[in-house]
Amino acid sequence: MNSVNAVLDDAEEKQVSKPAVKMWLDELKDAVFEADDLFDEISYRALRARLESPTTHLFSSLNPLKRGMKWKLEDVLRRIEYLVKQKDALGLRHGIGENPSLQRLPSTSLVDESGVYGRDGDKRAIMGMLLSDYGSHNAVGVIPIVGMGGVGKTTLAQIVYNDNVVRERFDLMAWVCVSKEADVSEVTKDILEEVTGRKCFSTTLNQLQVMLKEKLNGKKFLLVLDDVWNDKYAHWDILLRPLKSGTEGSKVVVTTRHETVASVMGTVVAYHLRELSDDDCWCLFLKHVFEEGKSGRHIELELIGREMVRKCRGLPLAAKTLAGLLRAKTDVAEWERVLKSDMWDLSNEDILPALRLSYHYLPSHLKQCFAYCALFPKDYVFEKEELVLLWMAEDFLVLGKECKTMEEVGGEYFHDLVARSFFQRSSVYPSCFIMHDLVNDLAKFVAGEFWFRLEGDDSREIGKRTRHLSYTSVEHDVSKKLESFQGAQLLRTFLLVEWSQLDEDVMRGLLQKFSRLRVLSLCCYRGLSELPKSLSKLKHLRYMNLSGSSIRRLPATICKLYNLQTLILFECKELVVLPTNMGRLINLLHLDIRGTNLKNMPPQIGQLRKLLRLSDFVVGIQGDCSIKELGELQHLQEQLRICSLQNVTIPRDALQANLKGKKNIKKLKLEWDNGDGDFMSHMEVLEQLQPHRNIESLSIDGYGGSRFPAWVGDFYYSNMVSLKLTGCWQCSSLPPLGQLVSLEDLWITGFDQLVVVGPDVYGNCLTKKPPFASLKSLTFELMPKWQEWSAYNTGRYDELTTLKIEGCPQLVASLPRSPDILRLHLKDNNRLMRFVKPCSFGLYHLIIEGFNCIDSLLQDMEQMCGLTSSLQEIEIKNCCEVKIFPVEMFPELKTLRFSSCPRLQRLFPPEANNDYLKNLSSLEIMDCPGLGSFLNRRLPAPNLSRFMLLGCSNLASFPGEKLLPSTLTSLKIGDFQNLTSLDFTGLRHLTGLRELEICNCPKLRSLPDEGLPFSLSSLSVFLCPLLEHRCQPYTGEDWPKICHIPHIEISFFQISCQS
């Protein structure tokens, strides 16, 4: 196999154009899968014999090759040997093969600016960095432009390079296209030839660098290095040496698709180039598809063309590729064929070379990791940890000689794919990631027949060689695809994605057939209440995810899955017990039981000594699993929640849990069921649960002691950034929390006996930093007796930006001073407002909640000129007596939210002109029924982009013709109980509207006859039964009005319009 591995990269490229190579490669992969399954079964049999009957089955563990296993092994080895011999006849060579379709033409500095759209802002940003001294502290400033292949990095560099202002600012200018294979000597030579305009015949790097240094000496130069791949710092350091001879202000612009290149070369933060808008992409498409650059004479093609451009998802190179395919073609049928085709199926020659090139140069270990993502539907949002665990289960992660865990190696793989722009951060969920649609298509293209994504109304039959399968059902589709599963008995992966459903009997049958599964994910499968006992046949299983299912108990046979590494039971609310013999799962690394209703842990859980992540440990009553079992789990990391601590009756048992020795736990939650247990023992138990000094986040909830042990608040915990003390109802004082020098977020709630926050809370700081030196967010809640907050010396919290005080009706003393409080949340205490001005200079976000009347508050605010002029965001919640809110007091206001203010009648005076709220960009009104009259006139907010209106109107038609400004991009309406129609006259001018959401309008019968604004990219309809029926795909009467919209969600189901 070593000889085969050497030619695999060449085979991967040649398979595109040579069917014989593709057949050989697929046959080889199939044989290797077969061999791997066979070896894994042999290993499993030996492990099972050792665990179940170590004495009786000693011979079985030493010699598991029986019952035909030997013959199977010899057969598969002969098959592989035969394929290995064929590689030479196919002309396969070592290393990456040459593929003419992937050879990128060298870029030049010339550009046709008339064909560039949507890059004015990007151009200004790069020119700003070029023409300033920013990043030039090392004489040469390096500006990286980072983005995925085809997004337009080279074009941006070209238009900047050719700008007259830029050309006048530099003495010398040079443009060099850097190839993947180029070394330091080649690049240095190319720069020298660009600078001199003459061919250079020197061959040594020393001669080249000396000559380049002389040419640049004392000159202010601009150098563009286009398409850089090399991220080796040592190479860049050598290349940079002659460039340092340039005068101050010299700049280098680097375009790259690799974040690591930017971090190595850049002297400023990398500029991340994003995709074009659909409108700009359409203009670019028009420029190249029609000679005249307009669709005027081809109106019938515009609708098809716009849908086609949306599939490009903002990639200019994709738009140009499509335009090139259709240039000068005006046949509607031809355009529709291209629209319905997968971009990657159009032509091998036209498969976006920029994206294929990125895959072409991936290391082999990353290629299979990327191909695995072909299982994810488009727009699927995923977490790093989720994908790493899947790769681990498939044995994709290769451990080197370094002492790293598989999770660490997987994290490196993931970050490498992010750095190469294969994954992008989600704009909606910042901790998650997505793939661009065309990158998703690329994954599907390179995955081949071994990966299969079954979704929507897809009726294709799954091939016998399929090893990895994901299934996405639609609303009316449960059992009709069963026939498709029949041939897929060699599956290694079965993923149920996006709230998909399967008939439970069907699921049982599938589990019996898929005996080679390594990954089984039935996430969010609400119909799943139990698993069959035959689950034990899944001897290869490494990963099982039952999150969000209705599972009540796991079969005892799950304890025979000795290869299981990951078991995820997140939000299985019906689950109350785990199998008794869980301790047999000796290879288990991850156990997630968050959101379950377990009453205790299974006995002997301490035998899971390889366990790295245990989300929760539930302490049982006396006789159940003891907290001492935690002491055996020495490798736990990341986060741990220990609950039902009132059941710990012997404090030394808590000491044996050895939390102080678990140096890799970063987040710890300790919870007592409030009101239960011996309160005298609470403090003794908490004393013994002292964590390691590496702890970063600590939460203590329901603690019944009258004071805290000395370790809480000890300066020894210098890494702690978050602390939450909740429901400590017997405590009358706080520990010395000011000593926690890194503490940024502090939450104190439910201290019923606390009267004074006194000097003791500041502690005795042994460092030069003052108390609470790093605190940024501070919350006090539900402290009915709290009256006084003592200041420390000057009373300043210099880093504090967010302060929330709720349910503290007795607090009347002055608030400590902070120069930078930006966000203040006050609830149920009118008296506190008088102290706002002394405590802050730059407040921009104010939340007022639960005030019966805010008239006096408004009067106080009117006297605080600095306060009203700085506020940019205001939220008013549950203020029952508020009738008028004087928006004119806040000239800088950008966001305004009202909720549950039933008597609110007016936001602005009748005479307000159209520019009255010129800075307001977001307006949200929820459950304010008295405010309906303001819908009869135009909103005086000329720059409003987001408008949400819920439960505020009894109108039968919406919106009025002059209500909404044309700048609106997002409109959400809901809880209109009498709404029967949408008025197109109030929508037609919204040419920039991107998002429309309609929720709980039970009488809404249909969409306007004229349709919806063509600019829409997202439509969601929930709890509107009449309208939902008319919007059903292909059969609904209103479907033709919306089928052009890329993202449609009806009745909480995502609908694909691709087919």
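Which helices and strands do the buried residues of α20 pack against? In this predicted model, the buried residues of α20 pack against the helices α12 (259-265), α18 (364-372) and α19 (384-393), and against the strands β7 (433-434) and β14 (590-592).

## Helix α20

Helix α20 covers residues 406-419.

The buried residues of α20 are Glu-407, Val-409, Gly-410, Gly-411, Tyr-413, Phe-414, Leu-417 and Ala-419. An α-helix has 3.6 residues a turn, so residues three or four places apart point the same way. After α20 comes Ser-421, which has a positive phi, near 70°.

## Helix α15

Helix α15, formed by residues 316-326, is mostly covered, with eight of its 11 residues buried. These buried residues are Pro-316, Ala-318, Ala-319, Thr-321, Leu-322, Ala-323, Leu-325 and Leu-326.

The packing partners of the buried residues of α15 are α13 (278-289), α14 (299-311), α16 (332-340) and α21 (437-447).

## Val-712 in its loop

Val-712 is placed in the loop that runs between β19 (697-701) and β20 (722-726).

Leaving aside residues up to four places away in sequence, Val-712 touches Ile-700, Pro-735 and Pro-736. Val-712 and Pro-735 are 23 residues apart in sequence, while their C-alpha atoms lie 6.5 Å apart in space.

How values were computed
Residues numbered from 1 in each chain as written. Predicted model: local features only at pLDDT ≥ 70, side-chain atom pairs only at ≥ 80, totals over all residues. Heavy atoms only, no water. Buried < 20%, exposed > 50% of the residue type's maximum accessible area, 1.4 Å probe, protein only. Helix = DSSP H or I, 4+ residues; strand = E, 2+ residues; numbered from the N terminus. Contact = heavy atoms within 4.5 Å. Expected span 1.5 Å × (residues − 1).
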